[in-house]
Structures are given as C-alpha cells and as structure tokens.
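Biologist: Can you walk me through this one? I'm new to it.

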Amino acid sequence: LTVHNGISLAEFAPRLSDGSRIRAKLNILSDEFVVTCTTRLSKEKGVDVLVSAMGLIVREHPECRCIIVGDGHLKEELSKQIEALRLSCHVFMEGFQADVRPYLFAADAFVLTSHVEGLPYSVLEAMGCGLPCVVTNVGGNSEAVIHNVNGLVVNPGSADAVAKALIF
C-alpha cells in the first residue's frame, strides 16, 4: 500500500473554540451552517460552480454561509459572480491563508468542486478536522471520500448536484 499524500492528524484534530474567531470576524452566527472550500482560484478548481450552487441554496436556506480560502487569477471574476448573484452576505472570499485550520474549524462541511484533481491535500485536511465532505467525482476525490459514508461525491460541473448534496 502506498500513501501518496498524507497529513498529520494531530495538527488537524478539531478544536471547537478555534472556529469561533473566524465566525465572529465574518459575522456568522453559531447556528448558521457554514461550508468551507480551500483551493486555488483557477478554472480547473470549479469554484464558480460552488458560487452558483450557493445562489441556489440561499433561496431556501438563507442561513447557509460559504467561506472560500485561496487565491488565483479568477479572484476578480468570482467576486463579480458573487456580487451579480447577490451573495455578498453569504459567500466570503478570504484569500490565501498560510494556516487554513481556523477556517476548517469554523465549518460544518467542506466542499471541493474541481473539474480536475489528483488527491488533494485540502480534502485530507478537511477530513482530518472531522468535516463531512462534498467533492466531485474526479481524480482521487472518490478514493478519499466514500459516498454516503464520510461525505458525498457528485458529478463535476453541476451546481444543482452540489446544492442538493449540501442541503440534503
């Protein structure tokens, strides 16, 4: 057995108090549902699909929030999409963070909507934090996330499938 990617579970063990600072900073209430995505803001990562899914979700579940951690050349385009969908109070783009753990600890679930993937550290880190994961069926995502066991695996490119998985 070869483990291609690995993380220290001790570093990602959930600590309830660590997420409260991020929630307070973003004015997210303790009873609001938070999904976090940590990824590069590039086309292959499909963050636009996540933003579109949030547009569908908040119609029925305005208490849902999304934190996107990462940077890349699509930052401005994604910001415009968030504004156009009137999601500024629901989707927070936090840019690059050297330490993503506080953002993961602030979350109730993790989502990665990639079109192309290997075996992403971000999924392993989220799992290390004990987060259920919604990932697309590309690369090693479905090797790490077992559908209906520790998360849900959806088809890539479908905002509808992501929205349904997050509000099931």
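The chat below goes from the overall fold to single residues.

Biologist: What kind of model is it?
Modeller: This is a predicted model.

Biologist: OK. How many helices and strands does the protein have?
Modeller: Eight helices and six strands. Along the sequence, the pattern reads α-α-β-α-β-α-β-α-β-α-β-α-β-α.

Biologist: How much of the protein is buried?
Modeller: The protein has 168 residues, and 51% of them count as buried. Its accessible surface is about 8,400 Å². Carbon and sulfur atoms hold 54% of that surface.

Biologist: And the contacts? What share comes from residues 24 or more positions apart?
Modeller: That share is 66%, among contacts with a separation of 6 or more.

Biologist: Now the sheet. In what order do the strands sit?
Modeller: The order is 3-2-1-4-5-6. The six strands form an open sheet, and the pairing is parallel.

Biologist: Which strands stand at the edges?
Modeller: Strand 3 (91–95) and strand 6 (151–154). Each has a single partner strand, so one side of each has no neighbour in the sheet.

Biologist: How much are neighbouring strands turned against each other?
Modeller: By 20° on average, with direction ignored.

Biologist: What about helix 3? Which strands does it touch?
Modeller: Helix 3 (residues 47–60) packs on the sheet and touches strand 1, strand 2 (64–69), strand 3 and strand 4. The direction of helix 3 makes about 165° with that of strand 2.

Biologist: And helix 6?
Modeller: Helix 6 also packs on the sheet. It touches strand 1, strand 4 and strand 5. Its direction makes about 170° with that of strand 4.

Biologist: What unit do strand 4, helix 6 and strand 5 make?
Modeller: A right-handed β-α-β unit.

Biologist: Let's stay with strand 4. How is it joined to strand 1?
Modeller: Two bridges join strand 1 (residues 33–38) to strand 4, and the two run parallel. Val 35 stands opposite Ala 109 there.

Biologist: And on to strand 5? How many bridges?
Modeller: Three bridges join strand 4 to strand 5 (residues 133–136), again running parallel. Leu 112 stands opposite Val 135 in that pairing.

Biologist: Which way do the residues of strand 4 point?
Modeller: Ala 109 and Val 111 point one way from strand 4 (residues 109–112). Phe 110 and Leu 112 point the other way. All are buried.

Biologist: Back to helix 6, then. Where is Ser 122?
Modeller: Ser 122 lies in helix 6, which covers residues 121–128.

Biologist: Is Ser 122 buried or exposed?
Modeller: Buried. Its relative accessible area is 11%, and buried means under 20%.

Biologist: What does Ser 122 touch?
Modeller: Thr 38, Phe 110 and Leu 112, leaving aside residues up to four places away in sequence. Phe 110 and Leu 112 point the same way from strand 4.

Biologist: New topic: backbone angles. What is the phi of Arg 86?
Modeller: It is positive, about 55°, although Arg 86 is not a glycine. Arg 86 lies in the loop between helix 4 (75–84) and strand 3.

Biologist: Buried or exposed, that Arg 86?
Modeller: Exposed. Arg 86 has a relative accessible area of 75%.

Biologist: And what is phi for Asn 148?
Modeller: Near 65°, a positive value in a residue other than glycine. Asn 148 sits in the loop between helix 7 (141–144) and strand 6. Asn 148 is exposed, with a relative accessible area of 59%.

Technical notes. Residues numbered from 1 in each chain as written. Predicted model: local features only at pLDDT ≥ 70, side-chain atom pairs only at ≥ 80, totals over all residues. Heavy atoms only, no water. Helix = DSSP H or I, 4+ residues; strand = E, 2+ residues; numbered from the N terminus. Buried < 20%, exposed > 50% of the residue type's maximum accessible area, 1.4 Å probe, protein only. Contact = heavy atoms within 4.5 Å. Pairing = 2+ DSSP bridges. Right-handed = clockwise from strand over helix to strand, strands pointing away. Axes fitted to C-alpha atoms, helices over the stretch in contact; angles between N-to-C directions. Areas by Shrake-Rupley, 256 points an atom, 1.4 Å probe, with all protein chains shown as cover.
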